[in-house]
Amino acid sequence: GGLVRSHWAEQLPAWSLRRIFDRPVWKWLALIAYLVAGVIVVRGVRSLGTYWDLRFGKRLPYLRFGTLSVAITLVLLAWALDVYVDDVIGMRGEVEAFIKRGALVLAFAFAVFCVYAVFELIASAMIASTRRPAGSANAHLTRLLVRIIGIAVIVFVVVEASAYLGWAVAPVVAGLGVGGIAVALAARPTIENVIGGLTLFADKPFRVGDLCRLGEDVGHIEEIGLRSTRIRTLERSLVSIPNADLAVMKIDNLGQRDMRLLRTTLGLRYETTPDQLRWVLARIREMLLAHPKCSADNMRTRLIGYGAYSLDIEVYVYLRCQTQNSFRAVSEDLLLRILEIVN
């Protein structure tokens, strides 16, 4: 090669000048030495990247440069191999052409890996900038959109690499078009679930942590994925529902209620006089209006009919509470106060 003088090679031992596959032994040894050095460099960069990720990337995902550093190192080593066999040891002939072509293919392959790692970091940075949980719907949607852009860039890199290497791209694209139809038909349920997931991300009928009734299942939303949504039921079991089913399902988001309805019927014995009945109704209305957790809108306490064994009074009131525990506590307080009034 241009960087190794001819008289340097002539001074090597006689055994190193013997030819294997029409090339001197010392050139093969130099190539093996480069590959061994490359493996050592990659392992060293990987160890440093792992240490960096554990030190800084564990708390801040967008600072995880371990994978990206390995990808960049592989790209540089593959590009340097092309220069090494040409300008340093000068393999020449078909062997050099084969190694140089393989080095270029590896360089482009590692470049694709590098692009993927870069877009993963971009997605993590965007999610961190919104200060929302990594499992939220917005985080999943952001990661999906960034990955779609990354896939488009990867396709562009692959097409350009194929053209640079002299490969015919048009037949491959045509074959992918026919094969894509077959794959799309085979993967129709998965595609439906992904589209259903995008619909859920756009519509946002619920968030992670909301208490929802999804068909026959009631529980808290634990994870919203691209293919399915997982809920933790009241029995503490984990149920996965395909997003395609959720997109057409009636969703009752119990966690988004601004108030809770308390509706109960009191049965007073028939010996109750009209004056006693009017007094009970008036006292219950006063108590509900004075209670801080009761809403005056649509509140009613009325005699609604004659039961088989009692005079029936309906108590209908909205309570200013969202969680089940607070609702039960306020309901208990109101029922005890009504009991005191009736007594």
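**Entry 1: salt bridges**

I'm working from a predicted model. I looked up how many such bridges it has, and I got nine.

I started with D252 and R213. Their closest N and O atoms are 2.8 Å apart, and the pair forms a salt bridge. I then checked where the two sit: D252 is in strand β7 (residues 251-253) and R213 is in strand β3 (residues 211-214), so this bridge ties together parts that are 39 residues apart in sequence.

**Entry 2: R263 and E314**

Next I picked R263 and E314, whose side chains meet in a salt bridge at 2.9 Å, N to O. R263 belongs to strand β8 (residues 260-268) and E314 to strand β10 (residues 311-319), so here the parts tied together are 51 residues apart in sequence. I looked at accessibility again. R263 counts as exposed at 55%, whereas E314 is buried at 9%. For E314 I kept the cut-off in mind: buried means under 20% relative accessible area.

**Entry 3: a bridge inside a helix**

Then I turned to R283 and E286, which form a salt bridge with N and O 2.8 Å apart. Both of them lie in helix α9 (residues 274-290), three residues apart, which is about one turn of the helix. R283 is partly exposed at 26%, and E286 is partly exposed at 45%.

**Entry 4: α9 against α10**

Since I was already in α9, I looked at how it packs. How should I describe two packed helices? I use the angle between their axes and the distance between the axes. For α9 and helix α10 (residues 324-342), the angle is about 150 degrees and the axes are 10 Å apart. Angles over 145 degrees count as roughly antiparallel, so α9 and α10 are roughly antiparallel to each other. I noted their crossing as right-handed.

Which residues meet there? On the α9 side I listed W279, V280, R283, I284, M287 and L288; on the α10 side, L334, R337, I338, I341 and V342. I sorted the contact residues by type and got nine nonpolar, no polar and two charged. R283 turns up again here: it is among the α9 residues that meet α10, and its side chain also bridges to E286.

Notes: Residues numbered from 1 in each chain as written. Predicted model: local features only at pLDDT ≥ 70, side-chain atom pairs only at ≥ 80, totals over all residues. Heavy atoms only, no water. Salt bridge = Lys/Arg side-chain N within 4 Å of Asp/Glu carboxyl O. Helix = DSSP H or I, 4+ residues; strand = E, 2+ residues; numbered from the N terminus. Buried < 20%, exposed > 50% of the residue type's maximum accessible area, 1.4 Å probe, protein only. Axes fitted to C-alpha atoms, helices over the stretch in contact; angles between N-to-C directions. Parallel < 35°, antiparallel > 145°, perpendicular 65-115°, else oblique. Left-handed = near helix turned anticlockwise from the far one by under 90°. Contact = heavy atoms within 4.5 Å. Nonpolar A, V, L, I, M, F, W, Y, C, P; charged D, E, K, R; others polar.
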